[in-house]
Amino acid sequence: REDVWERLSEGLRFVKGSFDDPASFQELANTLATLERERGTGGNHGFYLAIPPDAFPVVLKQLSEAGLARSTASRWRRVVVETPFGHDLASARELNAVVNEVFPEDTVFRIDHYLGKETVQNILALRFANQLFDPIWNAHYVDHVQITMAEDIGLGGRAGYYDGIGAARDVIQNHLLQLLAFTAMEEPVSFEPSELQAEKIKVLSATKLAQPLDETTARGQYAGGWQGGTRVVGLLEEDGFSQDSTTETFAAITLEVDTRRWGGVPFYLRTGKRLGRRVTEIAVIFKRAPHLAFDQTMTEELGQNALVIRVQPDEGVTMRFGSKVPGSSMEVRDVSMDFSYGQAFTESSPEAYERLILDMLLGEPSLFPVNAEVELSWEILDPALAAWAAEGKPEPYEAGTWGPPSADEMLQRTGREWRRP
């Protein structure tokens, strides 16, 4: 709405300066004081640090010395930092210490835009507001879980950020492990932030990489190929990437959640660039029924039942189950039952960042990972990163496909296969 934008834009100010210049931060403090008088902000400030992690110490020190980080009984000061938070467990702990030296943990908001998506929050509603799913949401009925985040874009122009980070650090450590936590956690006593965070921490504490890593993980790097009818180059031909870059653009891992509910159920996580299409989904794949009353010909086209939560782009839930094919013979085939947000509701969902920034302003931390979650996520992923670093180059895969052959072999070893979203 134009009137809302006009009112908001009246409060925009630009302060020029460098991170290591105390005068710049004093100018920022003066500008905020002026805004407080003009617009009645009450002295409440939220600082969004969209800066490289190595700039955190100097910026936080400057905010502190300019008196901008101190909360009082009548005014709050909060800080927002982006994921990935660090590049391994040691660096994450170091960053946490640096941030918490200036901002107490209850004023730190680590923003992961995936957690602001309506469908991610709907996992809690789906699981805990319905009696339908709880009895089968466990190892007695679930065969395995696949969590996929695929992108069809390449990395042209992003070498400065991506090279040396890779798909696992960029996506698995934060987005996908958070999706796993929502999928596997126990029901919290309430949806108070501390209760929700406690259950996620319990699940992440029980999660570890399946062994041996050379059979239960895979990584790849996209090569040239065809994407949407257009010829595209491989990563090593993209601007800014070295010819001997070992940065992976595809990563897949197998995780075990050692709890009574999930013992023996593998969780497969994968992410990649230049894959078949852009999609993020959680697929809960159920065990096969014994089919004692059916001969093989009756069910040869029947797959495993599945519940698929589509996070993006077509937000919704699909259930796949068997149904009799019309006719005189007994033939059972897969069918789907579908719920789509766009068709079921007339209200439009707020953008993920819109929701999360509002939560920060309200002091509502439910959708923001805390220190323990960040460190546990790195603890889970670090052994795979170390093993890959010792291996050398990632396996190439053709752009427009679904990753390297080793990713398919990873599941085939246990008689399973990746879902084709």
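Colleague: Which residue stands opposite A283 in β11?

Modeller: Opposite A283 in β11 stands Q146, and the strands concerned, β4 (residues 142-150) and β11, run antiparallel and are joined by 8 bridges. Two strands pair here if DSSP finds at least two bridges between them, while helices (H or I, at least four residues) and strands (E, at least two) are DSSP runs, numbered from the N terminus. Before we go on, this is a predicted model, in which local features need pLDDT of at least 70 and side-chain atom pairs count only at pLDDT 80 or more, whereas totals for chains, interfaces and linings use all residues. Residues are numbered from 1 along each chain as its sequence is written, and side-chain values use heavy atoms, with hydrogens and water left out.

Colleague: And with β12, in which sense does β11 pair?

Modeller: That pairing is antiparallel too, over 6 bridges, and I285 has A306 of β12 as its bridge partner.

Colleague: Is β11 buried or exposed on its faces?

Modeller: Both faces are covered, with V279, E281, A283 and I285 buried on one side and T280, I282, V284 and F286 buried on the other. In a regular strand the side chains alternate between the two faces of the sheet. Since 8 of the 8 residues of β11 are buried (under 20% relative accessible area, with exposed meaning over 50% and partly exposed in between, for a 1.4 Å probe and protein chains only), the strand is largely enclosed by the rest of the structure.

Colleague: What is R419 in contact with?

Modeller: Leaving aside its neighbours within four places in sequence, R419 is in contact (heavy atoms within 4.5 Å) with Q146, R270, E281, A283, I285, V308 and R320.

Colleague: New topic: which residues touch the most other members of the largest nonpolar core?

Modeller: The core has 104 residues, and F56, F103, L255, F267 and L269 touch the most other members. A nonpolar core is a set of buried Ala, Val, Leu, Ile, Met, Phe, Trp, Tyr and Cys residues joined through side-chain atoms within 4.5 Å. Helix α7 (residues 166-184) supplies the largest share of this core, 11 residues. As for F267, its contacts beyond four places in sequence include L180, A184, I253 and L255.

Colleague: How many residues of β9 are buried?

Modeller: For β9 (residues 250-257) the count is 7 of the 8, so this strand is largely enclosed by the rest of the structure. β9 pairs antiparallel with β10 (residues 266-272) over 7 bridges, where I253 has L269 as its bridge partner. β9 also pairs antiparallel with β6 (residues 217-223) over 4 bridges, and with β5 (residues 207-209) over 3 bridges, where T207 stands opposite V257.

Colleague: Back to α7: at what angle does it pack against α8?

Modeller: The angle between α7 and α8 (residues 193-205) is about 105°, with the axes 9 Å apart. Axes are lines fitted to C-alpha atoms, for helices over the stretch in contact, and angles run from 0 to 180 degrees between N-to-C directions. That makes the two helices roughly perpendicular, the label for 65 to 115 degrees, while angles under 35 count as roughly parallel, over 145 as roughly antiparallel and the rest as oblique. The contact is made by L177, Q178, L180, A181, F182 and A184 of α7 and by K200, V203 and L204 of α8.

Colleague: Where are the cis peptide bonds, say at Q211 or Q312?

Modeller: One joins Q211 and P212, with omega about -10°, and P212 sits in the loop between β5 and α9 (213-216). Another joins Q312 and P313, with omega about 0°, in which P313 belongs to the loop between β12 (306-312) and β13 (316-324).

Colleague: What is the phi of R274?

Modeller: R274 has a positive phi of about 55° although it is not a glycine. Most residues other than glycine have a negative phi, and most peptide bonds are trans. R274 is found in the loop between β10 and β11 (279-286), and is buried, with a relative accessible area of 14%.
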